[in-house]
Amino acid sequence: MGKIGFSLIIADSIELEKGASIGHFNIIRVKKLHLGKGACIGHLNFIKGFFDLIMENKSEINLQNKITRILSPKGNYCKTELRLKYHAKIGVKHLLDMTGNVTIGDNSMLAGADSQLWTHGFYFSKEGEEAVRIDGDIEIGHNCYIGSRCIILAGVHIGDSITIGANSCISKTITEQGCYVGQPIRFIPFDPDEVMNRLSSPVTTIDGIKIYKK
């Protein structure tokens, strides 16, 4: 049987397999909570929103992480899932936006502290009030190491056996094995209106904001 410390947990279904544990002073409110054998949620985590949390065997969420999505999305926009695969780990004080799905592969780790995973972003018109939201799932492959204070943006897939150096921003999919690090600031020409005009039909509209899927 699993073990639960002094925490507030609200879910439609809760499954804890042998050796799974949840520590003290967590606030967890999700649709489905599943912890596989030996999976662990540490202390002082804030996990709340309209998503499933699936932790496979020996996976871990350590301390003081914030993992959130609104509890009841407007319209017919679907529930999402945070899946930690075998022996995947989330370290300390990371922020995960669960607007889209997030998958962390076998033996991969969000290391250190203060990394952010964002599964949505916006384009704002150069003039007026028009804006659109772009949602995209994040997938981290197997045996990856993500250093402290990294930012991973919507729609990014990271291949297997990749190391991301601390304080890097990953804005596009990377597949070649090796180490990736940040770079000095540089100018890139960008016209948001031109980008918005190339978008196809939105999947839905919420509060006047058109929602697109990568």
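The second largest pocket is lined by Trp118, His120, Gly121, Phe122, Tyr123, Ile134, Leu153, Ala154, Ser171 and Lys214. A pocket here is an open set of points, on a 1 Å grid over the protein atoms alone, where a 1.4 Å probe fits, with protein on both sides within 12 Å along at least five of seven lines; lining residues have an atom within 4 Å of a point. The model is predicted, with local features requiring pLDDT of at least 70 and side-chain atom pairs pLDDT 80 or more, while totals for chains, interfaces and linings use all residues. Residues are numbered from 1 along each chain as its sequence is written, and side-chain values use heavy atoms, without hydrogens and water.

The volume of the second largest pocket is about 250 Å³. Strand 16 (residues 120–124) supplies the largest share of its lining, four residues; strands are DSSP runs (E, at least two residues) numbered from the N terminus. The largest pocket holds about 450 Å³ of space. Its lining consists of 14 residues, with Cys169, Ile170, Ser171, Gln183 and Arg186 nearest the centre.

Asn45 lies in the loop between strand 5 (40–41) and strand 6 (46–48). Asn45 counts as buried because its relative accessibility is 2%, the limit for buried being under 20% relative accessible area with a 1.4 Å probe and protein chains only. The side chain of Asn45 reaches the backbone oxygen of Asn62 at 3.0 Å and the backbone nitrogen of Gln64 at 3.3 Å.

Terms used:
Buried < 20%, exposed > 50% of the residue type's maximum accessible area, 1.4 Å probe, protein only. Polar contact = N/O pair within 3.5 Å; in protein donor to acceptor, adjacent residues only side chain to side chain. Points joined across faces, edges and corners; volume = space filled by probe spheres on them.
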